[in-house]
Amino acid sequence: MSIELEINGVKRQVAAEADTPLLWVLRDELHMTGTKYGCGIAQCGACTVHLDGQPVRSCQTPVGSVGAGKITTIEGLGGTHPLQASWVKHDVPQCGYCQSGQIMSAAALLAATPKPTDTDIDAAMSGNLCRCGAYQRIRAAIKDASGELAVTAKA
Amino acid sequence: MYIAPEKTRTPSGGQGASRRELIVGAALVGGSLLVGCSPADIMGAGAPKTDFGAFGPFIKIDADGAVTVMNKHQEMGQGNHAGLSAIVAEEMDADWSTVKVQHAAANAKVYANSLMGVQGTGGSTAIANSWMQLRTAGATARAMFVQAAADAWKVPAPEVTVKDGVVSHASGKSAHFGELLADAAKVTPPKSVKLKDPKDFTLIGTERVRRKDSLAKATGQARYTQDVYLPDMLTAVVAHAPRFGGKVKSFDDTAARKVPGVVDVFAIATGVAVVADGVYAARKGREALKVEWDDAKAESRSSAQMLSDYQKIARGELTPSDDKWAPFTTKGDATGQFDGTDVLHATYDFPYLAHATMEPMNCVAQVDGSKCKLTYGAQGHSLDQMAAAMVVVNLPGAIEIETLFAGGSFGRRSSWDSDYVVEAVQIAKRVGRFRPVKLVWTREDDMTAGHYRPMAHHAVAVKVGKDGYPAAWRHRVVVQSFAKASPMMASMMVKNNVDSTTVEGTAGSPYLAATPVVDAQVFTPHSPVTTLWWRSVGATHTAPVMEHTIDQLAARAKIDPVEYRRELYRRAGEAGARHLAVLNLAVEKAGWGPLEDGWTRGVAVHESFGSVVANVCEAKVIDGEPRVRKVTVAVDCGIAIAPNQIAAQMEGGTCYGLSAALFGQVTLDKGRPQQTNFDTYRVLRQNEAPQVETWIVPSAHPPSGVGEPGTPVIMASLPNALFAATGKPVSSFPLVKA
């Protein structure tokens with residue numbers, strides 16, 4: 001079936017079964033590869049996108065359920081988001097595979113909570129796994145982007 | 001991860017002979033010993049003739065003077081894109097801000113890892129094996145620019161200087177690399193070049209050496225195997241046997257073929273492949289597939305039963321016929337030494353561990369007859385070329401590989417049987433006509449496909465002397481050997497029936513060097529469960545065993561664990577000198593002694609892959625689970641090229657080891673893995689991650705690796721911190737039982 005989606009401010013027509021996860025529509029249909037597959041069961045956060053500003057796991061979001069919702073992916077941040085500059089400043093990524101999801105979760109956090117505490121960061125970011133263990137740099141980069149540079153950050 | 005040295009690095013920085021012996025073994029690859037050929041000749045046979053340009057296979061220079069370094073290794077997160085390109089830039093005096101780096105092609109003749117003999121990344125060797133090679137390449141290119149300038153300006157070459165990619169002379173003449181490029185390319189490269197004195201380094205060892213890929217990875221632009229979309233590409237998934245060693249008996253694909261998008265279904269060596277026009281259709285097709293499995297030769301035991309067998313083997317109550325005890329360190333006469341009351345007994349159990357990289361295994365393959373191209377996060381280039389060549393019947397060097405970023409590896413992407421690569425090639429061969437096929441493993445495929453860190457059991461008995469220090473040490477290790485599972489690996493890594501990766505870290509321990517009588521042996525039971533190197537390999541179990549045993553001995557002797565180690569390192573002499581230095585640094589920076597509010601400190605020190613790491617962690621049991629809030633790491637890795645990335649590897653390695661120590665385990669029920677995804681295979685999350693602070697020991701020795709050595713130390717210091725709190729030794733991992 002043909003479905004209309006609004007992704008990063010652009011209307012896109014895709015052909016997909018309604019139960020297809022949004023993740024696979026983004027990747028296999030639209031070849032928007034910034035959003036990653038990691039687990040398929042909403043346990044790792046690598047596929048995080050925003051739906052009407054809220055972070056959602058696209059691997060567990062049937063494309064048929066999106067409707068007129070506005071989707072934002074890592075590509076939609078345009079490379080100019082303060083978090084992306086902060087990620088570079090702190091050399092956060094190692095393998096980098098989880099980082100799109102990390103940044104999308106962090107962007108939603110900062111949008112709702114411009115000056116997050118450590119507790120806020122724990123709550124917002126603990127659904128995003130990083131097997132390389134870049135956690136302390138992720139925390140430092142979020143605080144730096146929010147203007148609250150972590151005193152313990154070495155990077 | 002690839003090859004573990006059994007000898008420590010000599011003070012002069014020379015590499016242990018064992019590594020070179022591996023090269024001889026590598027000549028056996030493919031089952032044919034070609035007398036007179038180097039392993040690189042064999043693996044490179046059939047490689048296309050390539051003109052690398054004036055500056056050789058490692059350096060390309062754009063018309064604007066920007067330098068691109070070709071990385072023969074895999075950048076899977078460990079930061080070698082930064083470190084390797086910095087080595088070139090330093091000797092070239094290139095403009096670091098414009099230096100770029102790319103993955104090189106697969107070509108063992110020019111890109112072999114000099115510590116392996118073939119092309120591959122592992123064993124924390126990327127920097128170590130490239131050090132002199134890339135310094136020489138950079139210095140040679142610099143000399144060519146200097147000569148070109150000297151000729152053009154008619155000035156003596158020794159008076160020409162280079163800084164940040166700009167060549168200058170005191171007369172005021174100046175030109176950047178781009179302007180001199182055409183002339184420099186015509187200069188005959190000097191046969192020998194003078195390398196910089198390390199005290200003159202201006203880039204190496206500074207905070208300026210930062211990652212080159214952070215922006216690409218922060219914007220979703222970095223390209224991984226998952227991200228490959230080629231015209232007309234198909235996607236494949238494979239239904240694998242639920243038990244290790246199982247085979248396809250029969251299958252019914254009637255329903256699978258009716259799934260929209262499914263193109264073909266067929267059996268391959270390891271299961272049944274479903275080929276479709278996308279991931280979702282392929283997965284739906286596989287769900288509709290009915291397969292009957294032949295488990296006649298499959299592993300049918302539970303992991304609990306296997307572990308119980310290991311314990312019986314260690315106690316001498318069971319001796320499977322598939323191996324025999326192999327001594328690996330023997331000193332003095334151990335007879336009758338361990339019967340008295342002055343003996344500390346300790347046992348340790350370690351589960352199977354999955355690597356659980358963020359990006360599951362995958363590979364894009366194109367095959368037409370014997371022609372084959374692979375596009376993926378290659379780590380074991382030469383081994384994968386050989387394995388693919390055997391499927392398509394070609395020379396290994398003729399297998400083209402385009403190397404992409406890997407979404408983590410920790411050892412997994414370089415497997416001795418090239419498992420997922422072979423699957424991709426088999427499927428692409430059936431599809432044919434060079435049509436691209438992306439083999440995609442789901443998380444569940446990845447986690448249940450084995451190649452685990454082997455399960456292990458250690459039984460230790462230490463006779464304590466009157467002074468409280470070890471007088472005699474008996475050590476029994478029971479662990480699966482992945483080297484013995486493959487004749488090729490066995491030829492490289494097994495000597496006197498000892499697979500060095502099963503005992504490294506106990507073998508070579510300064511504590512055994514400090515003990516007058518030692519009887520250390522290993523037994524390697526067989527199982528169809530596939531095992532593999534896992535970040536820091538043998539150290540993942542030997543480090544916690546040695547270090548936790550030391551803390552128990554110190555407690556028994558009522559000596560502070562730091563002081564106890566210092567005395568043993570002194571007794572070990574040269575074998576303990578670097579350990580003592582990192583221990584002292586870690587303790588100085590962390591502080592040592594009691595903490596408030598139930599927090600306790602634990603210390604551990606371990607050498608792996610030529611680097612020595614100590615850490616002091618602060619831990620406490622909160623809501624029934626151990627938490628680590630801070631880890632202070634000291635590392636001696638020779639000359640520090642990229643301090644920021646060394647710190648990143650200590651941070652990440654610590655989290656990886658902590659995750660395993662706390663939560664990591666794959667258990668088998670009637671041979672079937674019970675953990676299939678991150679809901680059942682728990683890993684460390686943001687709210688559980690400690691702050692890691694890294695201190696680097698200043699060194700003039702050649703660089704050694706940092707990708708792995710940080711990992712095993714936390715697996716030891718955490719149990720020591722818990723022991724300090726409770727007085728109860730840890731005897732099995734993970735610490736948090738599911």
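This is a predicted model: local features need pLDDT of at least 70, side-chain atom pairs count only at pLDDT 80 or more; totals for chains, interfaces and linings use all residues.
Q: Hi! Let's start with chain B: how many helices and strands are in its secondary structure?
A: Hello! Chain B has 21 helices and 28 strands.

Q: And what radius of gyration does chain B have, next to what a compact globule would have?
A: Chain B has 27 Å, and a compact globule of 738 residues would be near 27 Å, so the two agree. Along the principal axes, the C-alpha atoms of chain B fill a box of roughly 85 × 70 × 55 Å.

Q: Nice. What share of the residues in chain B is buried?
A: Buried residues make up 59% of the 738 in chain B. As for contacts in chain B with a separation of 6 or more, 77% of them come from residues 24 or more positions apart.

Q: I'd like to look at a sheet. What is the strand order in the open sheet of 5 strands in chain B?
A: The order is β12-β22-β19-β18-β13 (chain B), and the pairing is mixed.

Q: Which strands stand at the edges there?
A: Those are β12 (326-331) and β13 (343-350) of chain B. Each has a single partner strand, so one side of each is left without a neighbour in the sheet. From one strand to the next, the twist averages 10°.

Q: Let's zoom in on β19(B). How do β18(B) and β19(B) pair, parallel or antiparallel?
A: They are antiparallel: strand β18 (residues 456-464) of chain B pairs with β19(B) over 9 bridges. Two of the residue pairs are B:Ala461 with B:Arg474 and B:Val464 with B:Pro470.

Q: What about the turn in the hairpin that β18(B) and β19(B) form?
A: There are 5 residues between the two strands, and B:Gly468 in that turn has a positive phi of about 90°.

Q: How many bridges join β19(B) to β22(B)?
A: There are 7 bridges, and β19(B) runs parallel to strand β22 (residues 517-523) of chain B. Within β22(B), B:Ala520 stands opposite B:His475.

Q: Why is β19(B) largely enclosed by the rest of the structure?
A: Because 8 of the 10 residues of β19 (residues 470-479) of chain B are buried.

Q: Which helices touch the strands of that sheet?
A: Among them is helix α10 (residues 303-315) of chain B, which packs on the sheet and touches β13, β18, β19 and β22 of chain B. Its direction makes about 30° with that of β18(B). Helix α17 (residues 539-556) of chain B lies across β13, β18 and β19 of chain B, also running at about 30° to β18(B).

Q: Switching topic, where are the domains of chain B?
A: Chain B is divided into domain 1 (44-215), domain 2 (225-297 + 361-440) and domain 3 (304-353 + 451-726). The C-alpha centres of domain 2 and domain 3 of chain B lie 36 Å apart. Their contact takes 12 residues from domain 2 of chain B and 14 residues from domain 3 of chain B. By class, the domain 2 side has 4 nonpolar, 3 polar and 5 charged residues.

Q: And what are the domains of chain A?
A: Chain A is divided into domain 1 (2-75) and domain 2 (79-145), with C-alpha centres 20 Å apart. In chain A, 15 residues of domain 1 are in contact with 12 residues of domain 2.

Q: Which strand gives the most to the side of domain 1 of chain A that touches domain 2 of chain A?
A: That's β3(A), with 3 residues. By class, this side of domain 1 of chain A has 6 nonpolar, 8 polar and 1 charged residues.

Conventions:
Residues are numbered from 1 along each chain as its sequence is written. Chains are lettered from A and ligands numbered from 1 in the order in which they are written. A residue is buried if 20 or more other C-beta atoms lie within 10 Å of its own, exposed if 12 or fewer, and partly exposed in between; C-beta atoms are placed from the backbone. Helices (H or I, at least four residues) and strands (E, at least two) are DSSP runs, numbered from the N terminus. Two strands pair if DSSP finds at least two bridges between them. Domain bounds come from an automatic or database domain assignment. Two residues are in contact if their C-beta atoms, placed from the backbone, lie within 7 Å. Ala, Val, Leu, Ile, Met, Phe, Trp, Tyr, Cys and Pro count as nonpolar, Asp, Glu, Lys and Arg as charged, and the others, Gly among them, as polar. Axes are lines fitted to C-alpha atoms, for helices over the stretch in contact, and angles run from 0 to 180 degrees between N-to-C directions. The radius of gyration is taken over C-alpha atoms; the globule rule is 2.2 Å times the number of residues to the power 0.38.
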